[in-house]
Amino acid sequence: MRILILSDLHSNATALDAVLEAAKDRWDLSVCLGDVVGYGPDPNSVTARLRELGTTTIRGNHDKAVTGLMATEDFNPVAKAAVDWTRAELKPEHMAWLSALPKGPLETDGIVLVHGAVQDEDEYVFTPEQALEGLLDSNAGVTFFGHTHHQGGFSYQDAHLEIVQIRPRAMESFAALRVEAARRYLLNPGSIGQPRDGDPRAAFAIADLEHKVVEFWRVPYDVQVVQKRMRSAHLPEPLIQRLTLGR
Ligand SMILES: [Fe+2]
């Protein structure tokens, strides 16, 4: 069974379309690690698409903020402005769907899904120190996380923690990670709607654990057409510009 792993879509419908086109006929079921909305210009169409696909989805901090489940006082002014804009834009039925999303960790189809860390859905996992607890505590050998918008992750075996540095190069679409049965993994598919690891292409992953492989994908999309929609919506300029850089 091949699982399509989506994360941090952030209301970017053009990037999501490019991902679904690239992944076409390559997956059997889909999951999403949260942050469906926030930042981008297309909260309704992105939410509608996930609902149509029947994607098993957990909530992210932006989904919580937009639906009022989390205060935005810890958000920077730019992120908060996007939350307010999204809240005004979302159709009630999509708002209701987003507010009912379960919290991670969620066990499904042999993997565990979290938005941030295993122990705290809102915590960022950037470093091996931050990854260790989740690697030890998760209920599955392979756990997928989002939130940092950085593709890659960590693995652990016999008291040794390793950084999984696996990102497709500029001319490649994907890089494959061989999964070892005795090793534990905390893997981030990267962000579809707002990558921050220096590669502006939309990121996702496809896991096929029966064949012991996780593919980390990058696909280009029309960034300028998204930026144009963001300008029309008067979304903050820094959010628009960072899509060009993937930072
Ligand atoms: Fe995010």
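In this predicted model, Glu180 and Arg183 are joined by a salt bridge, with their closest N and O atoms 3.5 Å apart. Elsewhere, a network of salt bridges with shared partners brings together Arg167, Asp197, Asp199, Arg201 and Arg218.

In total, the structure holds 18 salt bridges. One of them connects the side chains of Arg2 and Asp28, at an N to O distance of 3.4 Å. Arg2 sits in the segment before β1 and Asp28 in the loop between α1 and β2, so this contact ties together parts of the chain that are 26 residues apart in sequence. Both ends of the pair are partly exposed, Arg2 with a relative accessible area of 29% and Asp28 with one of 47%.

A local counterpart is found in helix α4, which spans residues 77–89. Here Asp84 pairs with Arg87 in a salt bridge whose closest N and O atoms are 3.7 Å apart. The two residues are three positions apart, about one turn of the helix. Asp84 is partly exposed at 32% relative accessibility, and Arg87 is likewise partly exposed at 35%.

Turning to the metal site, the iron ion is coordinated by two aspartates and two histidines: Asp8 and Asp35 through OD atoms, and His10 and His149 through NE2, at 2.1 to 2.2 Å. Along the chain, these donors follow the spacing D-x1-H-x24-D-x113-H. Within this set, His10 and Asp35 link distant parts of the chain, 25 residues apart. His10 belongs to the loop between β1 (3–6) and α1 (13–22), and Asp35 to the loop between β2 (29–32) and α2 (43–53). His10 is buried, with a relative accessible area of 1%, and Asp35 is also buried, at 1% relative accessibility.

What geometry do the four donor atoms give the site of the iron ion? The site is irregular, with angles of 85 to 178 degrees among the donors. For reference, the ideal angle for four tetrahedral donors at a metal is 109.5 degrees.

Key
Residues are numbered from 1 along each chain as its sequence is written. This is a predicted model: local features need pLDDT of at least 70, side-chain atom pairs count only at pLDDT 80 or more; totals for chains, interfaces and linings use all residues. Side-chain values use heavy atoms; hydrogens and water are left out. Donors are N, O and S atoms within 2.8 Å of the metal (3.2 Å for Na, K and Ca); water is not among the atoms, so sites may look incomplete. Four donors count as tetrahedral if all angles lie between 85 and 135 degrees; four count as square planar and six as octahedral if opposite donors are over 155 degrees apart and all others between 65 and 115; anything else is irregular. Helices (H or I, at least four residues) and strands (E, at least two) are DSSP runs, numbered from the N terminus. Buried means under 20% relative accessible area, exposed over 50%, partly exposed in between (1.4 Å probe, protein chains only). A salt bridge is a side-chain nitrogen of Lys or Arg within 4 Å of a carboxyl oxygen of Asp or Glu.
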